[in-house]
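Keep the model open while reading.

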Amino acid sequence: MTGFVGALVEAWGELRIHRLRVLLSLIGVAVAVAAMTGVTALGDITRQAQAELSEAQSGRPATFRVDAWSETATLDATATTAAFREFVDRYQIEQASLVTYSTMPVRMPMATWDVTVQAVDPPYGTMHRIAPIHGSWFTEADADRFSPALVVNEAFLRELGVADLSGHPTVLIGAGEPVLATVTGVVADLWPGAYPEAYILSSAYERWIPPNPEYFTVPALEVWVPPEDAEVAEEYLNRDLTAALGAGAQVQIYRQDAFGIEEFDRVFQLVVTGIGVLVLMLGALSLVNISLVTVRQRIREIGIRRSFGASSGRIFFSIMMESLVATVLAGVVGVGIAVVAVRNAPIESLIGWGAIQDVPPFPVSAAVTGLVAATAIGALAGLLPALVAVRVKPIDAIRY
Amino acid sequence: MSLLELRGITRTVRLPDDSRLDILRGVDLSVGAGEHISIVGRSGTGKSTLLNILGLLDAPTDGEYLLDGTPIGRLGNRRRARRRGDDFGFVFQQFNLLPGRTALENVIAPLLYARGRTFWRRHSIAASMLERMGLGDRLESKPEQLSGGEQQRVAIARALVRTPRVILADEPTGALDVDTGAEIMSMLDEIASDTGAVLIAITHDLAVAARATRHFRLGEGVLTPITIAPRTSGTLAELGDPLTATDVVDPEAVPALAEVEAGPA
């Protein structure tokens, strides 16, 4: 007991006396750990941004798209819609949406535009990570509106001649029997110079917009299911919808989220970890360097301690612990720096992919790796002087 | 029974050119409790090696070392380290205070290896030891703030704080002026006598050596008993120049020993 406490007291005394050296070690290791942890965390966030970008375009894992058509006759859009809705109800799929691409006439102040429109259901917003910059995405309540709701892009709003939604802008849509629609949300343009585009709820679309014969007007169905249920979902979609739509219909189901991204992820992770390890090795080198430079002075002290009755085991333990305590402290500081830096850095502008919705929490694995690495470095950097100290003869050490 | 007994101790090192150098050649020494021993000899004659072997800092190449009748050679490293801490106190020529630590911390340092009450009361024990050495007002001073004499007093306090049974002093006055050296030696003698500890001092100052109850000379690795009359000064030249002798020096055969008589073992 006194031996252990004595070694602790001794290690603490050494840390206190060698403040400058400890501080230098601390800085070196802390910076290295901060860099490694930060790079790993940034890597995670970049991956998340990349994933979100791909999910916005093609849906989250696992998203299936079902297209139905007939090779012999025109498929009845109403019957197909009914079959899709029934399927969604039967299996109580919360995240499902009909999707119809078409155009609709919109009477802008300057001219009537044929605006590209996507008729969707409210869950489509979540499924494709649609985050309106003004107003909001559709809710179930929007289906009951007398004036259909529109979520439009910025180009649409510009063409409409309004700056924001404060005046509840309305616009006439449709051809023969136009209806006054209300713009309830605005999404960012996908690229500069985009044309006006709009989302409308499927129910409103069916009610107000006459089918455009140039477009294939039978809706498609998108469902988002947990990835682990993907196989079952695909099987049921195929079985039930083929049966529901009858012999004349072809049903094509394909998974449209960017699955297979794991391989990219793995390589990315490998590169990021590689960089982190390199940075950490640089930190370790500086620490070993400092340890080696100070080993001279320390050997003499160790010799003196040997004369007090310090066994080689005690000397070894004492020096190792001193190095470990210092580097673990440095590791904690480093992880702290990394957390603060990653939380406050303008990551979104750095990545340049726009806003991230689900900013991943600071990766615990990165923090743990940083701490473990710091400890390992401490052990390694302490091992060298500790081994030298134990091997040197006390008399030589005293005379050093 | 002797407290310390050396029987035919030799210490040989192998040089880089693979030749052997005999530092100690068959040293016999028997020391009883409370004795004050001085060993004189020129530099490079193996004095420090002998002291290190006595203090369990070094192991002999051959021969037997008995401490309290126990052969030290049979003890493991750990037990040897423990006995070193428990039984020996070292006073070095260069003081060897731990740099950056205060006088108090230096004296506490050996107590970190003690057990029980001594360990837990280390602060008060160290402080009272320093007070006894007349350094009660310098507890918080660091070595660089102390004079040479004060540093050596701290070193002595540190050597004695665990009340060792044997005090090993390697040229304790070597780095001090004559007056301070005399003062330090008086202090060391006094405390050793008070505690009944054996004091073994290595020196090349005959005045320091003369204070001991028994005297030895180490030349060419051989320990020879001599007698040194009390004096206030004196140099090794009076003992002749053993470094030039190729054979073991027989003190009786050295004519220059006018005041220095060869004594019985």
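Helix 6 of chain B crosses helix 7 of chain B in a right-handed sense. (Right-handed means that the near helix is turned clockwise from the far one by less than a right angle, left-handed anticlockwise.) Helices are DSSP runs of H or I with at least four residues, strands are E runs of at least two, and both are numbered from the N terminus.

This is a predicted model, in which local features need pLDDT of at least 70 and side-chain atom pairs pLDDT 80 or more, while totals for chains, interfaces and linings use all residues. Residues are numbered from 1 along each chain as written, chains are lettered from A and ligands numbered from 1 in the order written, and side-chain values use heavy atoms, without hydrogens or water.

**Helix pairs**

Axes are lines fitted to C-alpha atoms, for helices over the stretch in contact, and angles run from 0 to 180 degrees between N-to-C directions.

| Helix pair | Angle | Axis separation |
|---|---|---|
| Helix 6 (residues 148-160) and helix 7 (residues 178-195) of chain B | about 15° | 10 Å |
| Helix 1 (residues 2-17) and helix 9 (residues 312-344) of chain A | about 50° | 9 Å |
| Helix 3 (residues 77-90) and helix 7 (residues 230-245) of chain A | about 140° | 10 Å |

Angles under 35 degrees count as roughly parallel, over 145 as roughly antiparallel, 65 to 115 as roughly perpendicular, and the rest as oblique. Helix 3 of chain A is therefore oblique to helix 7 of chain A. Their crossing is right-handed. Contact means heavy atoms within 4.5 Å. Helix 3 of chain A contributes residues including Phe84(A), Phe87(A) and Arg90(A), and helix 7 of chain A residues including Tyr236(A), Asp240(A) and Leu241(A). By class, this contact has nine nonpolar, one polar and two charged residues. (Nonpolar covers Ala, Val, Leu, Ile, Met, Phe, Trp, Tyr, Cys and Pro; charged covers Asp, Glu, Lys and Arg; the others, Gly among them, are polar.)

Helix 1 of chain A and helix 9 of chain A are also oblique to each other. Their crossing is right-handed. Among the residues in contact are Phe4(A) and Leu8(A) of helix 1 of chain A, with Phe317(A) and Met321(A) of helix 9 of chain A. This contact divides into nine nonpolar, three polar and four charged residues.

**Cores**

Which residues have the most contacts inside the largest nonpolar core? They are Val107(B), Leu130(B), Val154(B), Ile167(B) and Leu188(B), in a core of 52 residues. A nonpolar core is a set of buried Ala, Val, Leu, Ile, Met, Phe, Trp, Tyr and Cys residues joined through side-chain atoms within 4.5 Å. Beyond four places in sequence, Leu188(B) touches Val91(B), Ile156(B), Ile167(B), Ala169(B), Pro172(B) and Leu199(B). Another core lies apart, with 35 residues, including Trp137(A) and Tyr199(A).

Buried means under 20% relative accessible area, exposed over 50%, and partly exposed in between (1.4 Å probe, protein chains only). Of the 265 residues in chain B, 57% are buried. In chain A, 48% of 400 residues are buried. Chain B has eight helices and ten strands; chain A has twelve helices and ten strands.

**Arg47(A)**

Arg47(A) sits in helix 2 (residues 19-58) of chain A. Its relative accessibility is 22%, so Arg47(A) counts as partly exposed. Setting aside neighbours within four places in sequence, Arg47(A) contacts Asp265(A), Phe268(A) and Gln269(A). Arg47(A) and Asp265(A) are 218 residues apart along the chain, yet their C-alpha atoms are separated by 7.2 Å.
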